[in-house]
Amino acid sequence: PTPQAPGQTGPQRVAGVDRILAVGSGKGGVGKSTVASNLAVALAREGRRVGLLDADIYGPSQPRMMGVSKRPGSPDGKTIEPLRAHGVTMMSIGLMLDPDKAVVWRGPMLMGALQQLIGQVAWGELDVLIVDLPPGTGDIQLTLCQRTHLTGAIVVSTPQDVALLDARKAIDMFHTLKTPVLGLIENMSLYICPECGHEAHIFGHGGVRDEAARLDAPLLGSLPIDLETRLAGDAGTPVAAGEGAMAEAYLKIARGLVA
Ligand code: ADP
């Protein structure tokens, strides 16, 4: 694929890729990567041709969540062959690195790695490419929004104030970079006791909905704290690949995204 036409400036399209959706968050640990992998799998189950790019350079978790560990090949020494898992074409910087070594890279190296991931991976024809961003508002987000034509961004947050505060910064960044915010996803919204059915709002209640209303952006979904989601992610088979309420919830969000 050739993302850059010679002489062109501004955000470039990725050849063969219809839309690119970035999944971001203000804080780490709110479930951004979990949501990204599950949305990718759900979109694939809905019959879309889906790619998943793990651009979380500092903490790539998609190889584990999608259950892939093979190092991608490069038969011609230029293009990188992506991997396939759960119906999704995927690539992660984590697959090119030693998983036990910390990444200590400067800005220009990061940009090079990101451009390589987007431009040199043989994505093929895709309806949707989901990009799992690093948390926060750093160089990766900036470069991606400025150089690549994004259809829009989805921001994941828990209802907790500290998470929302940072989510607001991420949303402001997308606005500044003129990347449309397609909506918010509230993760870990609620805990339902499997024994007695009691509902507990462990991280607070209503904050993400209020934020979405303030921004006039849709609340794309609210996902509870769910043991199966965590176990499935750790086991490399996202919960959206199975049956049950969580898979249904992700399928519903996916349908809304591509409706
Ligand atoms: P981030 O990408 O925002 O850093 P992750 O997706 O890596 O967050 O999630 C952090 C941890 O929380 C992971 O162990 C993941 O399995 C777990 N997790 C995410 N969402 C949920 C959820 N809805 N219920 C239970 N555990 C979750």
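Visitor: Which residues come nearest the ligand?

Guide: This is a predicted model. Of the 18 residues around the ligand, Gly31, Lys32, Ser33, Thr34 and Arg230 come nearest.

Visitor: Which elements give two or more residues to that shell?

Guide: H1, E7, E9 and helix H7 (227-235) do.

Visitor: And how do the residues of the shell divide?

Guide: Five are nonpolar, ten polar and three charged.

Visitor: New topic, the core. Which residues touch the most other members of the largest nonpolar core?

Guide: That core has 75 residues. Val23, Leu39, Ala40, Leu129, Ile130 and Val131 touch the most other members. Helix H1 (residues 32-45) gives the most to this core, eight residues.

Visitor: What does Val23 touch?

Guide: Leaving out residues up to four places away in sequence, Val23 touches Lys32, Val35, Ala36, Ile130, Val131, Asp132, Leu133, Ile154 and Val156.

Visitor: Now H6. Which of its residues are buried?

Guide: H6 covers residues 207-215, and Gly207, Val208, Glu211 and Ala212 are buried there.

Visitor: Why do they line one face of the helix?

Guide: Looking down the axis of H6, the buried residues fall within an arc of 135°, so they line one face. In general, an α-helix has 3.6 residues a turn, so residues three or four places apart point the same way.

Visitor: What do those buried residues pack against?

Guide: Strand E6 (152-157), helix H5 (161-176), strand E7 (181-192) and strand E9 (219-225).

Visitor: And what follows H6?

Guide: Asp216 follows H6. The phi of Asp216 is positive, near 60°.

Conventions:
Residues are numbered from 1 along each chain as its sequence is written. This is a predicted model: local features need pLDDT of at least 70, side-chain atom pairs count only at pLDDT 80 or more; totals for chains, interfaces and linings use all residues. A residue is buried if 20 or more other C-beta atoms lie within 10 Å of its own, exposed if 12 or fewer, and partly exposed in between; C-beta atoms are placed from the backbone. Helices (H or I, at least four residues) and strands (E, at least two) are DSSP runs, numbered from the N terminus. The arc is that of the directions from the helix axis to the C-beta atoms. Two residues are in contact if their C-beta atoms, placed from the backbone, lie within 7 Å. A nonpolar core is a set of buried Ala, Val, Leu, Ile, Met, Phe, Trp, Tyr and Cys residues joined through C-beta atoms within 7 Å. A residue is near a molecule or strand if its C-beta atom, placed from the backbone, lies within 6 Å of it. Ala, Val, Leu, Ile, Met, Phe, Trp, Tyr, Cys and Pro count as nonpolar, Asp, Glu, Lys and Arg as charged, and the others, Gly among them, as polar.
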